[in-house]
Each structure stands twice: as structure tokens, then as C-alpha cells.
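Subject: Model handover

Hi,

Here is the model I promised to pass on. Have a look at it first, and my notes follow below.

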Amino acid sequence: MTDVETLHDVTVTVNGVRRTAAVPARRLLSDFLRHDLRLTGTHVGCEHGVCGACTVLVDGAPMRSCLMFAVSAQQHEITTVEGLGSSTDARVAPTGESLSPVQQAFAECHGLQCGFCTPGFLTTVTAYLEENPTPTNEEAREAISGNLCRCTGYQNIVKSVLRAAEITAERRGEAAASGGGEPA
Amino acid sequence: MTTQMFGAPIRRKEDPRLVSGGGRYLDDLGHDALAAAFVRSPHAHARIVEIDAADAVDVEGVVGIYVHEDLPGRVGEPLPLLIPHPTLTHGRTGHALARDEVNHVGEAVVMVVATDRYVAEDACQRIRVTYEQLPPVVGIEAARDGVRLVHDDVPGNVAAHMLQEVGDVDAALAASPHTLTLELDIERSACTPMEGRGVYARWDDERGELRLWSSTQTSTGVRAAVAAKLDLPLAKVECIAPDVGGGFGVKIVHPWPEEVLVPWAARLLGQPVKFTEDRREHFVSAAHERGQLQTVTIGFDDDGRLLALDVKLWHDNGAYTPYGIIVPIITSTQLLGPYKPGAYRCEFWSLYTNTVLVTPYRGAGRPQGCFAMERAMDAIADELALDRTEVRSRNFILPSEMPYDHGLLFQDGRPLKYDSGDFPASLAKIKALVGWDDFAAYRATAEAEGRRVGLGIGCYVEGTGVGPYEGGHIQIETSGRVNVSTGLTSQGQGHETVFAQIVADELGVRLEDVHVTTGDSRKMAYAVGTFASRAAVMSGSAIALAARKVRTKALRIAADALEVSPQDLEIVEGTVRVKGAPATSMSLGTVSVLSNPLRYAFDEAAQAATQFAGTFDPDKPPVADDDEPGLEGRDFYSPTQATFANGMHAAIVETDPVTAEIRILRYCVVHDCGTMINPMIVEGQVHGGVAQGVGGALYERMAYDESGQLLNASFMDFLVPYASEVPTIETDHLETPSPLNPLGIKGAGEAGCIPVSAVIASAIEDAEGFPITRMPISPNDLWELRRRHAAGEIPSLHRATRTAPKETTA
Ligand code: FES
Ligand code: FES
């Protein structure tokens with residue numbers, strides 16, 4: 001009785017890699033990333049644009065992937081939490097993960113508990129600090145006020161934002177001192 | 001000794017993985033699984049007349065559509081009542097899929113299994129269910145008057161009626177120089193973890209085995225429940241809690257209907273099946289808590305000392321009681337807080353309503369109890385013109401009176417007996433932290449600027465670490481890797497870190513060599529679960545005991561090989577060595593090799609062990625009669641009673657004289673959870689609890705209309721606080737060790753949220769000059785209260801009329 005859904009080829013660059021998949025027009029970007037590309041770091045907390053857990057960077061700007069269709073991401077560049085550690089100012093942690101300043105700061109400041117909301121905060125804060133490298137305490141709080149976290153009470157997330165700004169400055173300083181070379 | 005790990009603010013071991021997208025939550029698993037979706041009742045109370053799925057069966061991708069009639073045997077029987085109680089005379093549970101009748105909006109009626117969730121939901125939309133609507137019972141008053149019934153065979157909607165009394169309350173009240181009665185009201189809220197519920201099951205037909213993953217607070221509980229429901233031997237069912245995106249109580253319930261249906265369908269279809277709850281489903285088909293009406297009558301002397309406390313409460317348990325009546329039982333016992341109540345009586349009625357069922361939410365009845373007791377303390381102070389902290393301190397149980405037995409039974413059926421605590425010291429700390437004695441001056445300055453501010457306080461005692469037991473298992477591999485497992489689950493409490501800290505210290509190994517697994521029934525089959533602030537106390541203690549066993553064994557084996565006495569040995573950074581002669585040593589990995597007589601030289605440790613060949617005795621077996629191969633140990637911790645943590649919070653709020661907007665200017669916490677394993681993590685728990693408390697005090701309420709529709713079943717409408725709503729939280733700690741467990745620890749998970757509504761009410765009342773008896777409170781509510789106060793419908797506080805007259809309210 002019902003027809004098979006028409007599939008559309010979607011090609012996006014995700015974390016620097018071109019990916020193509022055939023998906024129905026109604027497929028949410030969040031589901032596309034999570035289930036078609038199996039990048040499950042992006043989480044879904046509400047599916048109605050309120051919680052921010054699904055935030056990814058689309059051409060560098062934070063977007064709620066549950067409010068976007070995969071087909072509308074055609075030819076755009078997407079960064080998910082899995083891609084944050086590939087930034088030039090990331091460093092390899094003793095446990096082997098490559099962590100960007102924002103990721104490093106959240107781990108240092110106990111900015112997460114269950115970690116479910118965390119990818120959305122990390123992407124949001126990454127984009128924010130690009131524009132605002134030296135936020136005040138108040139500005140840091142404001143910057144994360146569109147994302148929900150049920151575990152932390154936000155105290156340590158605010159700290160993490162401030163610490164991330166510090167680490168970014170430190171690492172960029174180091175890079176400049178060493179002639180702007182790419183870290184390993 | 002290596003650097004002390006216990007007590008240090010160690011960074012969490014789980015975080016590098018979680019911040020890099022390496023978490024594996026329920027819906028991150030099973031990409032090949034079929035998806036389940038549900039048709040849920042749109043009515044609060046109705047009879048199911050007909051279910052027509054004809055239009056849905058042809059939807060491309062649909063694999064199965066199931067209604068109650070399709071469920072065989074126990075799968076179709078009522079869900080279990082997990083915690084029966086003698087006073088729960090009319091316990092009722094639902095079915096995995098509704099049979100004949102639905103009792104709340106959101107109750108599952110039909111399950112669709114399809115190739116993906118989109119398709120499953122398409123099919124759900126094509127299924128037509130005809131209902132005959134029945135009159136719904138919504139709200140505690142409607143339940144209490146008993147005109148309409150939720151369940152025909154439950155008279156008066158009363159699931160349980162319970163009374164506990166210590167002393168003669170009527171006589172004590174009659175003899176009291178002063179008496180007061182308070183009518184209090186707390187509305188419903190809910191856990192709303194960022195990750196909803198979810199379950200994923202795979203059936204292995206060749207082995208006849210079921211493996212399931214659930215976003216649960218008790219994997220052993222789900223395992224046993226599912227095995228019983230599906231008539232499978234326990235040995236053929238495994239349950240694993242993967243990373244869990246928050247729980248806060250709601251995920252302790254087991255089995256949820258979906259936890260029965262998804263494994264059942266996986267076996268029936270021979271294909272993996274997964275269900276991931278969406279946000280709306282979480283609001284209407286998981287669980288809520290908090291809704292209670294409370295009448296508190298107190299008798300007290302001229303000094304403000306309680307002589308009698310008489311509490312009646314009406315608890316809204318929703319449509320069913322799968323988790324028994326734990327919540328009102330906790331309210332009725334934990335309400336006492338740090339005080340001696342004089343004669344005490346608590347009577348409660350647990351009532352059915354046609355709303356989502358009620359199970360514990362972080363705090364579990366304590367926020368309501370604390371609200372009752374603390375409102376009473378403030379009322380006494382106001383009546384007698386005493387300082388609010390003075391009244392509290394006059395009623396405190398003193399350190400010299402510990403252990404203190406209230407003569408009541410606690411939630412675990414054991415005596416309500418406080419093990420330790422120094423309430424006067426906690427009070428002194430909170431007064432210093434918030435600047436209690438300087439507040440009058442601060443207020444005067446604020447008032448001169450036309451601002452209205454108030455100061456509030458709230459104290460609580462929390463029974464934590466209830467039994468019956470948890471276990472710990474530790475195994476040291478030949479590489480020196482230390483594997484630790486405990487059966488209870490994790491939802492963000494940092495168990496991988498805190499349990500590793502305990503093991504690192506007990507064994508003398510490096511933190512990075514310790515690897516903790518929780519919530520995996522394959523690793524530890526005996527466990528209870530993570531709730532009631534019990535994980536650190538219960539599993540922490542069990543793991544410490546297991547580590548001590550392993551240490552003893554390691555020292556015995558090493559002493560043998562090194563030909564010294566075990567007392568002369570120490571373990572430092574994973575090496576067993578002779579005290580004072582550290583060159584005589586062997587690694588724990590080598591000890592592990594020696595512990596197993598089957599020694600193929602697979603690795604360096606095994607080769608290294610050949611130098612310690614030992615003496616060969618042909619008359620002895622390779623493994624002694626009372627020994628086991630391997631360097632491992634297991635132990636369980638089972639306490640005689642709960643251990644009682646406590647804390648005191650204070651806040652300064654500002655209320656806008658015109659708009660009635662409420663702002664928390666300062667929020668201060670003093671917290672005593674005994675010895676802290678990791679203060680950074682304890683502090684994080686307190687922060688999270690306070691934020692949930694602030695939500696419960698100012699923003700979160702379940703808005704049911706009279707027909708039983710939940711009007712705000714989304715994060716758009718149910719206001720979980722963002723960072724902009726949570727104040728900066730200032731904390732200070734006291735560490736009064738528990739004498740009950742080997743580590744001196746008490747639970748910390750729930751503490752933060754318990755007194756918040758009481759504190760905020762106390763502060764708003766102080767700012768406004770009239771009593772606050774109903775929480776949460778919105779600017780709208782406050783504005784309305786001001787209007788009624790101005791109209792003379794609400795009396796002023798005595799202190800508002802005693803001091804210089806204030807400007808009139810809006
Ligand atoms: S899942 Fe997209 S905003 Fe909540
Ligand atoms: S860390 Fe659990 S929701 Fe934010």
C-alpha cells in the first residue's frame with residue numbers, strides 16, 4: 001500500500017572527510033550522522049531544538065542537527081565532536097585521545113558527569129571561543145545558556161569555558177613561538 | 001606509600017573518552033537492530049474498544065504489530081510489584097501493553113517493530129484505537145475525595161494507608177504552650193535525564209541466549225525481571241548497562257514495559273530489536289515524583305522546642321505502584337531532619353490518579369519532608385520572635401546523642417538510627433558562609449535602594465547507602481593490569497574513577513593500571529543498583545574489602561617466593577618489595593603468574609616468574625585445598641543499616657517589587673557526607689543536585705489539565721533550568737566519618753536537591769513578609785500571593801508587622 005521512500009544522495013564533508021549516503025528527504029541530520037555515518041558522538045536529547053545536545057558545527061557555525069534535514073546539509077562542511085580533536089591546537093592525552101583545548105578543559109574542570117549533553121556543549125563552546133577568545137565569567141555563562149545539562153548544575157561548565165580560553169591561548173602561543181608549526 | 005589517591009580531587013578516568021565522542025549510550029549501539037515504536041494512549045482513563053491495524057500492516061518495512069492479546073504467558077501478565085509493603089493493601093501494576101483499560105496518557109497500547117524508527121512511527125500513525133472514555137481522576141484533591149475511581153476495585157483510590165507514631169502525640173499537643181498548623185503543597189516534577197530510557201536486545205538462537213542492554217540503574221534487576229517474564233533460565237540472560245546519560249531515579253524501575261517487550265520481540269523475530277524513548281514519551285510514559293499535600297501540626301514550648309509533631313500527607317502515586325510506596329515512607333521518616341521532634345506521628349495516604357506513575361526522583365520524598373519540617377521551624381521562629389537558626393539549634397540532635405534512634409522504621413525496614421553528624425558545627429559553617437548575622441545590614445542597604453531581599457535556610461539529614469549488599473571483584477592480570485568490577489551501574493557519578501582511587505590505595509597500584517567495570521551482569525551477577533545515594537558506600541566498601549583480600553593473597557604468594565614474612569612486605573606502585581630493602585621485590589604481575597600453576601610463558605611476566613620457581617613438593621597438589629588459582633578476590637559489603645549524611649543550605653533571594661520576578665543572589669551549601677573519596681566529584685554531585693532543586697523550587701511543574709493531558713510534555717514547556725537560571729553555588733564541607741563502613745563514607749548523590757525548595761521558600765517568605773506554603777513558585781504565583789496578601793486573604797508574618805512597617809505590597 002505504501003511506496004518505498006525516494007532516496008536522495010547526500011554528500012557532505014564531515015570532520016574533513018567527504019561522505020555520501022542515500023537517505024530519505026525527511027531524514028534528520030542528527031540521525032544521518034548517528035545512524036548512517038555511525039558518528040554517535042552527536043546526541044539527541046529532545047529532538048525539538050531545545051536541549052542543544054545535538055549541536056554540530058555547519059561551516060563552523062553551531063547548528064542543532066535535530067532541526068536540520070540531512071539533505072539540507074548537502075555540500076556543507078560539518079564538524080562533530082569526533083572531529084574536534086583534529087584541530088591544530090589539539091594535543092594527545094596520556095590515554096591516547098587527541099583533545100582540543102575545549103575538550104581538555106572539560107576533562108580538567110569536571111565539566112561533565114554522564115557526558116550525554118557534553119558533545120553539544122563542546123561544539124557550542126568551540127565556535128563561541130573562535131569569536132570570543134577571552135570571555136568573562138558572565139559571558140561564559142551566557143555562552144552556554146542555550147544548552148541543557150541535567151547533571152552538572154553548570155558550575156564546572158562555566159569554569160571549563162574559561163579554562164578552554166586559557167588553554168587555547170597557551171597552545172596558540174606555543175605554536176607561534178615554535179614558528180607556527182603544526183603540532184603532531 | 002604511593003601518593004594518596006583516596007580523598008584527592010583526581011580528574012576522572014572516564015572523561016578523555018567521553019569528551020572525544022567515545023561514549024556508547026544505548027542508542028549508539030545496535031545499528032543493525034529493528035526499531036520499536038509505540039501507540040500510546042491519548043486518554044487519561046478509557047476502555048479500549050477496538051484496535052484496527054489494517055492500514056499499518058502494509059507499510060513497507062513493518063515487521064510486526066503487537067497488542068496485549070499477542071503477548072503469551074507471563075509477558076502478558078501484570079508487571080511485577082517490586083517492593084510490596086504490608087500497608088500497600090491495594091497495589092496495582094500495569095501490563096507491558098495495556099489490557100482492556102488505560103490509566104494514563106502515554107500508556108503503551110500497541111508495539112510496532114519495523115526496519116527503522118521513521119517507518120515504525122508511520123505505522124503507529126495508521127493504527128486506529130477506539131476508546132470509550134472514562135472519567136479521569138487528576139490531582140490529589142480529586143483522588144482524595146474518592147468520587148471517581150482510577151481502579152474500580154480500589155475504594156477511595158487509596159493504594160496504601162500507613163501510620164507511624166512515637167510517643168503520645170495527642171497528649172503532647174494538648175499539653176503544648178503553643179501549637180500551629182501548616183498546610184503545604186508540593187507539585188510534581190521529574191528526573192528528565194538528558195538521555196531517555198532505552199533497551200536493545202539480541203537473541204542468539206544457536207545458544208538459546210538473550211543479551212540485552214538497557215539504559216538502566218540496575219542491570220542485574222532488569223536481567224532477573226526479563227528472565228522471569230520470558231521464562232528463561234537466569235544463566236541464559238545477560239544484561240549490560242552501557243554508558244547511561246543520567247538517571248536520577250527513573251531508571252531504577254524494572255522492568256519497564258519496553259524492557260519486557262523488546263527482548264520478547266527479539267526472540268520471536270530472531271532479529272535484534274531496539275527501543276529508544278523520545279522526549280515526549282519520557283514525559284508521558286516514564287515516571288514523575290514529588291506531588292504531595294501535607295498538613296503539619298506542631299506543638300512547642302516558649303523556647304521554641306518541639307514537643308509534638310503531627311504530620312498527615314497525601315501522596316500522588318499516579319496510575320500504578322510498581323515501585324511500592326517508598327517515596328511517602330521516606331518522606332515520613334526523613335522529614336525529621338536533624339531534629340528531635342518530641343512525640344511524632346505521621347500518617348499518609350498513597351493515592352491513585354490517572355497520571356504517569358510515580359517512582360523516586362533524586363531526593364525521593366525527602367525534598368517534600370524537608371519542606372514540611374523547615375517550614376515548621378521558620379513558623380516557630382516567627383511565632384516566638386526568635387532567630388530562625390536559634391530555633392533550629394535548640395531542636396538539634398547533638399553529637400553527644402549519636403547514635404540517635406528515632407524509634408521509627410526507615411525505608412529499608414530497619415531502625416531509623418543516625419550514625420553520626422555534627423549539626424551545630426554544620427550550622428556554624430553555613431551561617432559563616434552566607435553571612436547570616438550580617439544580613440540585617442545588607443537588607444537595610446538593599447531596602448534603601450528600593451530592593452526587596454530575603455534570607456532563607458534549610459537543613460536536612462539523608463539516609464544513604466541502604467543495603468542489602470553490593471559486591472566487588474578484583475583480578476590482577478599477569479601484565480599488572482587490575483580489573484575491578486561491581487554490579488551496580490553508573491550514570492555519571494564517576495565510578496570508574498572513585499572505585500579506582502580506592503583500589504589504588506588499598507592495593508598500592510597506580511591509578512592508570514586500575515580498570516573498573518560497572519553494571520555488567522557477566523562480570524558481577526550479584527548486585528542491587530544505583531539509587532539512594534548508595535554506590536560509593538556500598539560498592540566502595542565492597543571493593544575495598546575485595547582489595548584487602550587480594551592484597552593479603554599477593555603478600556602471601558610474594559612472601560613465599562621471596563622467602564620473607566608477609567609482614568615485611570609492602571606494595572608500592574604495583575611492586576611488592578621488602579620494607580627497607582626495596583631491591584628484593586617482584587611486580588604484582590609476577591605475583592599473578594605465580595598464583596596460577598598453569599604457566600605457559602606467554603609474556604614477559606611469566607618469563608620473569610621462572611626465577612621464583614619455589615620449592616617443589618610432590619605430596620602437595622599444585623593448588624592447595626583452601627586456595628584458588630589466580631590473583632583475584634571477591635567480597636561483599638552488607639551493612640546493618642543506612643548511614644546518615646546531612647547538610648544545610650542558605651540562600652539570599654531578591655524579589656522584584658513590581659514584576660515579582662525571583663532571583664537567587666547567593667546560594668550556599670554546607671555538606672557532610674563523611675569521608676570524601678574525591679571532593680571534586682562530591683562537589684559536582686552537590687552542584688547538580690542544587691540545580692535540580694532550583695528547577696523544582698522555581699520552574700519545573702507537571703501541568704496536567706483536568707482531563708489528564710500533560711500540557712507541557714516537552715523541554716520547550718517544562719522548564720529545566722539552563723545555566724542562566726542556576727546561581728553560583730558556594731560550598732563548604734564537613735567530614736564526619738561514618739562508623740559503619742570500612743572507609744567512613746556516606747552517600748552524596750541526592751543531597752544537593754533535598755532542601756532547595758525549603759530554602760527558597762524561606763528566603764522568599766523573608767523577603768515578602770507572608771508565608772510561602774506551595775512550591776514551585778513562579779513570578780505569576782508570587783504576584784498572585786501579593787495580591788491576596790494585600791486583600792487580607794493571607795496573613796502577614798509576625799516579624800513583618802513587628803519590625804518597622806514596610807512599604808505596601810503591589
Ligand atoms: S536534540 Fe536537538 S536540540 Fe535537543
Ligand atoms: S553531564 Fe549529564 S546531562 Fe550534562
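Which residues of chain B does UniProt list for "domain: Aldehyde oxidase/xanthine dehydrogenase a/b hammerhead"? The unreviewed entry gives residues 20-135 of chain B; UniProt positions are in the numbering used here, feature names are shortened, and annotations may be inferred rather than shown by experiment. Over that stretch the chain is 15% helix and 29% strand, with 51 Å between the end C-alpha atoms. (Helices, H or I of at least four residues, and strands, E of at least two, are DSSP runs numbered from the N terminus.)

Some housekeeping: this is a predicted model, where local features need pLDDT of at least 70 and side-chain atom pairs count only at pLDDT 80 or more, while totals for chains, interfaces and linings use all residues. Residues are numbered from 1 along each chain as its sequence is written, chains are lettered from A and ligands numbered from 1 in the order in which they are written, and side-chain values use heavy atoms, with hydrogens and water left out.

Now the A/B interface. Here 52 residues of chain A are in contact (heavy atoms within 4.5 Å) with 60 residues of chain B. The two chains bury about 4,700 Å² between them, 56% of it from carbon and sulfur atoms; buried area is the accessible area (1.4 Å probe) that two parts lose on being put together, summed over both. A:His110, A:Leu148 and A:Arg150 supply 17% of what chain A buries against chain B, more than any other three residues.

There are five salt bridges between the chains, counting a side-chain nitrogen of Lys or Arg within 4 Å of a carboxyl oxygen of Asp or Glu. One of them pairs A:Arg34 with B:Asp28, closest N and O atoms 2.8 Å apart. On the chain A side, helices H1 (29-36), H2 (81-84), H3 (101-108), H4 (118-131) and H6 (155-177) each supply at least two residues, and H3(A) has the largest share with five.

Chain A itself splits into domain 1 (7-83) and domain 2 (101-176), with bounds from an automatic or database domain assignment. Together they bury about 1,000 Å², 63% of it on carbon and sulfur atoms. A:His43, A:Cys51 and A:Val81 supply 41% of the domain 1 share, more than any other three residues.

Cheers
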